[in-house]
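Notes below, in the order I went.

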Amino acid sequence: MSSLRLGNSLLSTTRRHLTTSRIIRPTILTKSSRLTRAAAVTFTPRYCSSSASSSGSNKDSSPSPSPSSHKDSAWRKMADDKQIPHYLKQDHDRVFDHNRAWATAQETRDPGYFAKLSEGQTPDYLWIGCSDSRIPAEQIAGLAPGEAFVHRNIANLVPNNDLNVMAVLEYAVRHLHVKHIVVCGHYGCGGVKAAMTAKDLGILNPWLRNIRDVYRLHEAELDTIEDETERYNRLVELNVVEQCRNVVKMAAVQQSYAENTYPIVHGWVFGFHDGLLKDLNVDFESMLAKIQKIYNLTD
Ligand SMILES: [Zn+2]
């Protein structure tokens, strides 16, 4: 969801520029910081209230789209100064600068590295995570290129009618023979937060409805949690568990496990406040047994 927030993107990009010698318009940093905070939309359940209240109770959240008048103002200022084309070119060129430096460093550290990388992939992990720009799967898990097959979408969902995630799972299990499937959510998930907002979000509605369905499934538990932040965090966790359940429903997963005793499915949650992964300790075998009472596809 953070990709929807121009203010956030501008802020992080500007910070990167400030770490280099090629600084343009540093005043935007202050402006964007202010805008990012001002535009924050916080979770105001039980269940839905207005579309955009702001309490600041979830400081690490990545909310739904903010008022355009706020998020556009920094860009308008740069447009007035005719700085946008220059800014975008710097953004583009910086990626290639970093890529060249990375490739050189890799080959220097490990001669023949790219020749080995070209031979193919045998990752042990399939990672299904949120598209949030602050959660680079390999970096937070210490995995090198070739160790994880990665799929990311808004709020790390596994809907059975999404051809994309279904194809990724099918390929990872039947062809790459992954040993672990990780569904990794994160506290402060803007996708989960947006799903709790009484607002028409267009094409996002059918996607976010998967999360509203999770709330409905666990409504009794969630409604007993008085603290809004704790209730929101619990919904993040329950969403991960339900997506693990969706993975377990797949024929490829059930059949591979019956034949090979892998893959195992894990549910994890990442926290921005400390950078740590929390293992929800999903009981895969128990979950599989319960699922197969109705969804058994091993024959
Ligand atoms: Zn998220």
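I'm working on a predicted model, where local features need pLDDT of at least 70, side-chain atom pairs count only at pLDDT 80 or more, and totals for chains, interfaces and linings use all residues. I number residues from 1 along each chain as its sequence is written.

**Entry: α8 and α13.** I looked up helix α8 (residues 163–174) against helix α13 (residues 251–260): their axes come within 9 Å and cross at roughly 15 degrees. Helices here are DSSP runs (H or I, at least four residues), numbered from the N terminus. Axes are lines fitted to C-alpha atoms over the stretch in contact, with angles from 0 to 180 degrees between N-to-C directions. So α8 and α13 are roughly parallel (angles under 35 degrees). On the α8 side I found L169, E170, V173 and R174, meeting A252, V253 and S256 of α13 (contact: C-beta atoms, placed from the backbone, within 7 Å). I get 4 nonpolar, 1 polar and 2 charged residues there (nonpolar is Ala, Val, Leu, Ile, Met, Phe, Trp, Tyr, Cys and Pro; charged is Asp, Glu, Lys and Arg; polar is the others, Gly among them).

**Entry: α10 and α12.** Next I checked helix α10 (residues 204–217) and helix α12 (residues 228–248), which pack at about 105 degrees with axes 10 Å apart. That makes α10 and α12 roughly perpendicular, therefore (65 to 115 degrees). I211, V214, Y215 and L217 of α10 meet L235, L238, N239 and E242 of α12. I see 6 nonpolar, 1 polar and 1 charged in that contact.

**Entry: the record.** UniProt, in an unreviewed entry, lists residues 208–235 as "coiled-coil region". I find 82% helix and 0% strand over residues 208–235, with the end C-alpha atoms 13 Å apart (strands: DSSP E runs of at least two). UniProt positions follow the numbering used here, feature names are shortened, and annotations may be inferred rather than shown by experiment.

Note on methods
Parallel < 35°, antiparallel > 145°, perpendicular 65-115°, else oblique. Contact = placed C-beta atoms within 7 Å.
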